Amino acid sequence: MIRIHFIGIGGIGVSALAQYYLSQGAKVSGSDLTHSEITEYLARRGARIILGPHSAFNLPQGVDRMIYTAATPKTNPELKEAKRRKIPMQTYAEAVGDLTRQFKTITISGSHGKSTTTAMAALVLEDGWCDPMVIIGTKMSEYGGSNFRHGRGGHLVLEADEWNKSFLHYSPEIAAITNIDAEHLDTYKTAAGVEKAFAEYLGKVPAHGAIIANADDERTARVAQKFGGRVKWYSADSADGAMIKKILKVPGKHNISNALAAQAIGRALGISESAILQALGRFRGTWRRFEFKGMLNGAYVFNDYGHHPREIAATLQASRERFPLRRIWCVFQPHQYQRLKYLWNDFLGAFDLADRVVLLPVYDVAGRETKAAKDAVDSVKLSHALLERGKNASHAESFADAAALLCAEVRPGDAVLIMGAGDIYHLADDLLWD
């Protein structure tokens, strides 16, 4: 029996890979700094979970292999102990890359919408009798709240993240791109650098494979057109888009676009149109993607993972479609000082469709920040800049302060969006449990 240890096992990607190895009968252990729903779920599945500060003592005896997140610093004591013992080590992306060469792999990448599109595509393959393996960066109710599905049909549906060039380790037969934006500039520095990486990603698709590309996105169109006949285009302004809009249960033009990508993947695999539409029609959303959580003072409360200006604007637009003439709150926790600094001007316009904006302190991403970024920007400065634009914006020092403000001022009929990629989702739980 192979024994595998994971550093950062509570991460949304790493945890799915851990579940894959559990499904294969491996003995899995892993460390993480804090308890979460994910670590609890893995423990129930049979993984040995070690919580708290990283330590060489966390690494069990007899480990055959270590897998770690790329954000793990070289000084991590578990990493150093593994090197001392000469245990084979891989990053998460390298390990998943090996997996992609064992299956007929369908990767879904893009700056925004890849989790939702991956979920939709997974359902399309499932309803199309492909019985796919699925690794996704969110939890799906269809899979019992898991981010992993153990399929036996020989297909792997994989969310392919571009951060740290992770997706360049993968070997897809079908590769989809939802869009390309100036994102992860701590890795790529410029938008041109992002485009270059996506072109390299598409270049990994073999001649007999397919590229699924969003014709509505200028950068995606520019990158994908170089690959000629392998490209299968989709557009929200097409007849397919009008038809998808009629059956889709999740709001927003961006979700029509996501569904069209999943439809194109299904068609490339020869799945029947009836099965594709059945799958898209039964999709009800994923964890932290415009996820309805409950009612507060007669207002609708949603959790959303959006943390890039384009994602915030798209979710607010979807909210306007679902709740016309209602007051919309956006309670936002910026994710990473580096992102806030690089995209400052974009963030200023991202909240235009919100009536009230409440900002929480920036979620500090360990190992991915610089002192210059922290000195240059923060949530207080962003709230002041939004006020200068005429937005009704305020800053809350803590979840408790934000909760007190919302409980006092939210009215019946309001829509409250709790947004961010950090730990802000706990705020919705706190609001609705009290």
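Colleague: Quick one on Phe292: how accessible is it, and what does it count as?

Modeller: This is a predicted model, so take the values as computed from it. Phe292 has 44% relative accessibility, so it counts as partly exposed. The buried class stops under 20% and the exposed class begins over 50%.

Colleague: Which ring does Phe292 pair with?

Modeller: Tyr300. The two centres are 6.3 Å apart, and the planes make an angle of 50 degrees. That pair is tilted.

Colleague: What about the accessibility of Tyr300?

Modeller: Tyr300 has 28% relative accessibility, so it is partly exposed. Tyr300 also pairs with Phe323. Here the centres are 5.1 Å apart and the planes are at 35 degrees, so this pair is tilted.

Colleague: Where do Tyr300 and Phe323 sit?

Modeller: Tyr300 is in strand 14, residues 299-304. Phe323 is in the loop between helix 12 (309-322) and strand 15 (328-332). The pair therefore ties together parts that are 23 residues apart in sequence.

Colleague: And Phe323, buried or exposed?

Modeller: Buried. Its relative accessible area is 8%.

Colleague: How many aromatic pairs does the count come to?

Modeller: Twelve. Ring pairs also link a cluster: Phe6, Tyr20, Tyr21 and Phe148.

Colleague: What is phi at Lys86, then?

Modeller: Near 60 degrees, again a positive value in a residue other than glycine. Lys86 is in the loop between helix 3 (77-84) and strand 5 (89-91). Its relative accessible area is 72%, so Lys86 is exposed.

Colleague: New topic: Asn179. Which loop is Asn179 in?

Modeller: The loop between strand 10 (174-177) and helix 6 (185-188). Asn179 is at 8% relative accessibility, so it counts as buried.

Colleague: What does Asn179 touch, leaving out residues up to four places away in sequence?

Modeller: Gly110, Ser111, His112, Phe198, Asp217, Thr220 and Arg310. As for Arg219, its C-alpha atom is 7.2 Å from that of Asn179. Those two residues are 40 apart along the chain.

Colleague: Let's zoom out. How many helices and strands does the chain have?

Modeller: The protein chain has 18 helices and 18 strands.

Colleague: How does the radius of gyration compare with a compact globule?

Modeller: It agrees. A compact globule of 434 residues would be near 22 Å, and this chain has 21 Å. The C-alpha trace spans about 60 × 55 × 40 Å along its principal axes.

Colleague: What share of the residues is buried?

Modeller: Buried residues make up 58% of the 434.

Technical notes. Residues numbered from 1 in each chain as written. Predicted model: local features only at pLDDT ≥ 70, side-chain atom pairs only at ≥ 80, totals over all residues. Heavy atoms only, no water. Helix = DSSP H or I, 4+ residues; strand = E, 2+ residues; numbered from the N terminus. Rg over C-alpha atoms; globule rule 2.2 N^0.38 Å. Buried < 20%, exposed > 50% of the residue type's maximum accessible area, 1.4 Å probe, protein only. Phe/Tyr/Trp six-rings, centres within 6.5 Å; stacked < 30°, edge-to-face > 60°. Contact = heavy atoms within 4.5 Å.
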